[in-house]
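Take a look at the structure below. A short walk through some of its details follows.

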Amino acid sequence: MRITRLHLRNYRVYEDPVDLEIPPGLVGIYGPNGSGKSLLVESIRWTLYGRARTANDEVRTADVKADCITEVEFEHEGHLYVVRRVISGAGAHVKASADSDGFQVADGVRDTTRYVHSILGMDDAAFRASVFAEQKQLAAFSQQAPGERRRLVLQLLGITPLDAARDRARKDARESQETYERLRSVLPDVEVLRGELKALEEAAVDAAATSTQHDAEAEAAQSRLEVVRRRHEEVDVLRQEHDRLVAEAKAATADHDRSVATVAKLASELAELTEAAERLVVLEPEAEGWREAESQLRLMEAVVSAQQSLAAITVIPEPPIPDEDGCEAARALADTARARLAAVEGRIAGARAELDRARQATARSAELTGEGDCPLCGQALGGAFEKVQEHRAAELAEAEARVATLVTEQATLAAAATDALQRSRTLVRELKEAREGWQVFQKAHERRAGAEKALHEAELAFGRPLVGDERAVLSAEVDRRRRAADESNRLRGRLERREVVAAELDIERVMIVEHEERLALLAEKTAGLGFRPDDLTQARRARDEAQLAVETGAKLAEASRLAVSQAQARVEGQAQRVVDAAAQHAQLADLGEDARHLGRVAELLNAFRNNQVSAVGPRLTNH
């Protein structure tokens, strides 16, 4: 590595840009104390590794906000490298980059530091100990602890990778030997496993014999079940036929009972219809003529309603006729008064305008003097000044008198207009009330005339005026005849069913005889079956016992087959364990051989490492 150029700006005491071309060979730096000689050397370490004696915010020139920039250009193994580091911002944020032969190869603080470490083969600590020393620390390398100094030397000479390879080989050999010893202690004896395999094979043969016996017993139980099942099915068929006959007998009994109840009901209904026929003979004369009586009652009720409507109308005395002309004359008088008042108010406005002009003229004339000129013609006023003053005063007095006269007249006309308007409003209200009263009187008169006409028409329709309480008597008669007519109609409707009831009664009596014959036949068939519930109970019990025996035999046979399968599985598993144990013993022998070879590799690596150290040591001491 040879440094060829150094660039600084805003670094420590170097606020202005510094570009140093460093020639080959030995280079010396001299100057007064505090001029920044040591800082030039420290800038190299800062740029390459980002390390400084102080914090980052103190690396930048004090009281400077611009970026702090450092660049180091160096040659190494035939390549030209440029490393750049920048401190920017109020937070002293650091950025870094590296170029190789004009191409950027790293960007960022960590990437740049790692890249420098990779191309130089040393980190910051090795760089300080072997290449770079700060002021007053030239003996830094010799002052390191022996172990640390030995580590740095071995790292610089490339011996560290050999140590790592030797240590890994020793570790692998040790682990392989431990694994070999552990496996050898836990692996089973192959001969013992073979003896256990033979015992399992004999047990499998015994399990197969037991399974064959249980299968035969299960087949015998199944045959027994088929026999008792057929017997149960035969008895169950008899039971089904017996239940069918019993159900049919119950249905026939229900039909018989229903027919008996129907006969009783129809006989009772036929007796009631006979009584209804006798009642109809009595009611028919009473029901005749009820419609004519009801028609007379409606006409009578119309007369009564007309009488009540006429009595409900109150007789109102005739009010006076509304005075339309007087109201119109009062309205015209009020309009005339308002018009005269408006005219006076217009004249007052004109008079007040004249009064304002007179006052303004008087005010202007007050500003004039006898020695001054006339503001209109420009001639001297002289003796005419007093005449102008008198003329203006006379005009003002006349305007004020005219306004006063008109105001007095306005007050008089305003009072007259108010009285006329009040009189007009009073007459209008009285006219409205009179019109409303006259309308009420006319409507009441029209309603009474209509009610009298309706009463007259109702009496003409009835044929005569009502006398006394005729309506109550006629109403009672109509109600009595209507009830008789309604009951007669109802009885006639019921009597229409008389023949139907008699025919149904005969049919139901025949059905009773048929139901009794059917019940006798069903009883005979049921007795002929010879079914006994105890036979079905015994057949079901025998079937259940046989079914239980079959299930028990099937479970035993299944258990035996399972035992045979398990025995065979144990035999196969044990055989596989024998094979696996033999294979593991073979693998264990290979593992022991591998451990021996790894130990030999570790010994060879250690010898090679010692040879390298013994070869380099004297040369390093002489250098």
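Leaving aside its neighbours within four places in sequence, which residues is Ser97 in contact with? They are Val82, Val83, Arg84, Gln104, Ala106, Asp107 and Thr112; contact means heavy atoms within 4.5 Å. Ser97 lies in strand β5, residues 93-100. Ser97 counts as buried because its relative accessibility is 17%. Buried means under 20% relative accessible area, exposed over 50%, and partly exposed in between, with a 1.4 Å probe and protein chains only.

The model is predicted: local features need pLDDT of at least 70, side-chain atom pairs count only at pLDDT 80 or more, and totals for chains, interfaces and linings use all residues. Residues are numbered from 1 along each chain as its sequence is written, and side-chain values use heavy atoms, with hydrogens and water left out.

Now the whole protein. It has 13 helices and six strands. These are DSSP runs, numbered from the N terminus: helices are H or I with at least four residues, strands are E with at least two. Of the 623 residues, 28% are buried.

Next come the rings. A search of the whole structure finds two aromatic pairs. The pair of Phe74 and Tyr81 is stacked, because the ring centres are 5.4 Å apart and the planes lie at 25 degrees. Rings of Phe, Tyr and Trp (its six-membered ring) pair if their centres lie within 6.5 Å; planes under 30 degrees apart count as stacked, over 60 as edge-to-face and the rest as tilted. Phe74 is buried, at 0% relative accessibility. Tyr81 is buried too, at 7%. Ring pairs link Phe74, Tyr81 and Tyr115 into a cluster.
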